[in-house]
Amino acid sequence: MTLIAGVDSSTQSCKVVIRDADTGALVRSGRASHPDRTEVDPERWWDALGAAVADAGGLADVDALAVGGQQHGLVALDADGAVVRDALLWNDTRSAGAAGDLVRELGDGDPEAGAAAWAKAIGSVPVASLTVTKLRWLRDAEPANAARVAAVALPHDWLTWRLAGHGPGSGAAGLAALTTDRSDASGTGYWSPLTDDYRRDLLELALGHGAVLPRVVGAGARAGGTADAPGRTARPGTVLGAGAGDNAAAALGLGMVEGDVAISIGTSGVVSAVCGTPTADPSGLVAGFADATGAFLPLACTLNASRVLDAAARMLGVDHAGLSALALAAPAGADGLVLVPYLEGERTPNKPDATGALHGLRLANTTPAHVARAAVEGMLCALADGIDALREQGVPVRRVLLIGGGAQSEAVRRIAPAVFGLDVSIPAPGEYVANGAARQAAWALAGTASPPEWASSGGTVSAAEPTPQVRTQYAAVRDLTAIRPA
């Protein structure tokens with residue numbers, strides 16, 4: 001049996017799966033936690049990878065591996081290969097002002113013209129999550145650190161680089177060995193899926209000077225081989241796949257094809273679709289990313305997804321099962337009670353300083369059940385807006401797959417098809433990102449033109465009568481939010 005490994009270095013944790021390269025059958029797995037912050041020393045990811053590998057029984061018998069990782073995070077390296085400062089993660093919104101500045105500058109002071117110019121250049125409009133905005137923030141807020149930046153990497157780039165034996169002390173030769181893939185590069189803000197190339201002028205617009213950028217490895221190609229890294233791999237020369245951004249890796253793990261839309265309810269809420277053609281949305285609602293197979297992955301992302309359920313459960317003094325039971329005890333539409341779920345600002349729509357809000361309070365709907373229902377429906381309505389945004393860009397929507405931790409809620413499963421107006425497929429629970437990275441590793445090892453065909457792990461289909469009034473009442477109030485005090 002030939003074994004391969006897939007890594008998911010996510011916001012919250014590192015997961016490792018080891019699978020049969022031919023069938024995809026799971027052999028063993030492991031995991032370790034990450035710090036719960038929006039800026040993190042990348043060495044903590046490296047330590048977690050070692051712990052997760054150990055938990056999975058090691059990699060001595062593995063022939064190939066690939067890393068899927070959280071997108072957008074800024075890992076800035078100096079000329080020696082050392083990390084300049086803690087990495088800023090995708091959900092760190094301090095660069096919201098920098099995003100606005102970049103948009104205006106490309107439009108010669110006109111935000112609307114700037115948004116159109118960015119969409120034409122990279123398929124997306126900068127928001128606080130994108131790496132390019134974090135570079136501008138660094139230039140303005142920490143100019144001494146910005147001046148030290150010699151290379152810019154993303155979380156999965158950095159981990160792949162470390163597995164290949166590079167790190168502090170690597171110097172220019174080490175920086176030149178950095179690699180990435182199309183999917184993760186497309187989330188930086190200075191690589192274009194429209195041209196398959198970097199826009200170094202946009203990097204310089206943000207940072208103020210040039211920097212080494214990772215070589216973009218093609219889908220299914222090899223990024224190199226591992227070096228001797230005790231605790232991570234015991235076999236130097238193990239094949240390294242290109243790796244991928246987390247959403248693209250999940251799409252590969254799910255076996256998504258054109259017309260499939262995945263809705264992931266995790267820390268963030270992600271609506272992504274496999275598409276044969278690139279998108280360029282000047283409104284900024286849809287980011288025009290690439291996928292991990294050579295196609296495209298247009299995507300809408302909300303900052304607030306499972307955290308809305310967490311907050312509602314905490315507010316009501318129940319666990320998640322209790323929240324689900326309460327939500328299902330209330331009628332569709334919660335008798336007019338609407339939760340706008342911008343609890344930590346929002347990315348889609350771009351409202352980084354917004355707050356959440358409850359609208360339509362009346363004596364009859366001020367019950368725990370109504371509040372629970374409003375929380376579930378509000379979160380789902382924000383995701384449904386993402387589906388609409390994809391459709392407006394010409395993206396086909398034929399099948400919806402509901403994944404992520406929030407998809408384990410019975411209330412979410414039963415209410416989602418009614419809010420979306422579509423039947424919803426719920427794949428069997430699994431580590432979709434790590435599985436996609438494993439499939440990519442098997443692909444790189446085999447050297448074939450397409451990834452291996454692995455059997456589906458099954459799942460269920462949830463259906464319900466559409467409840468259009470829920471989205472109508474949500475649309476009437478979603479922009480009526482306050483701004484967080486400074």
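User: Is Thr11 buried or exposed?

Analyst: The model is predicted, and in it local features need pLDDT of at least 70, side-chain atom pairs count only at pLDDT 80 or more, and totals for chains, interfaces and linings use all residues. A residue is called buried under 20% relative accessible area, exposed over 50% and partly exposed in between, with a 1.4 Å probe and protein chains only. Because the relative accessible area of Thr11 is 14%, this residue counts as buried.

User: With the side chain of which residue does the side chain of Thr11 make a polar contact?

Analyst: Thr11 lies in the loop between strand E1 (3–9) and strand E2 (13–20), where helices (H or I, at least four residues) and strands (E, at least two) are DSSP runs numbered from the N terminus. Leaving out residues up to four places away in sequence, Thr11 touches His34, Pro35, Gln70, Leu89, Trp90 and Asn91, a contact being heavy atoms within 4.5 Å. A polar contact is a pair of N or O atoms within 3.5 Å, of which, within protein, one must be able to donate a hydrogen and the other to accept it, and residues adjacent in sequence count only if both atoms are side-chain atoms. At 2.8 Å, the side-chain partner of Thr11 is Trp90.

User: How are the rings of Trp45 and Trp158 arranged, and which term describes the pair?

Analyst: The structure holds two aromatic pairs, and rings of Phe, Tyr and Trp (its six-membered ring) pair if their centres lie within 6.5 Å, with planes under 30 degrees apart counted as stacked, over 60 as edge-to-face and the rest as tilted. The ring centres are 6.5 Å apart and the planes stand at 75°, so the pair is edge-to-face.

User: How many of the eleven residues of helix H4 are buried?

Analyst: Helix H4 covers residues 131–141 and is largely enclosed by the rest of the structure. Its buried residues are covered by elements including helix H2 (96–106), helix H3 (111–122) and helix H9 (200–207). Among these buried residues are Lys134, Arg136 and Trp137, and the number of buried residues in H4 is eight.

User: Which residue lies over the face of Trp137?

Analyst: A charge sits over a ring if NZ of Lys or CZ of Arg is within 6 Å of the ring centre and within 35 degrees of the ring normal. Elsewhere, the charged end of Arg182 sits over the ring of Phe296, 5.4 Å from its centre. Over the face of Trp137, at 4.9 Å from the ring centre, lies Arg94.

User: What is the relative accessibility of Arg215?

Analyst: Arg215 is found in strand E12 (residues 215–217). Apart from neighbours within four places in sequence, Arg215 is in contact with Leu178, Thr179, Thr180 and Ala223. Arg215 counts as partly exposed, because its relative accessibility is 45%.

User: What share of the 486 residues in the chain is buried?

Analyst: The chain has 16 helices and 24 strands, and its C-alpha trace spans about 65 × 55 × 40 Å along its principal axes. Of the 486 residues in the chain, the buried ones make up 59%.

Note on methods. Residues are numbered from 1 along each chain as its sequence is written. Side-chain values use heavy atoms; hydrogens and water are left out.
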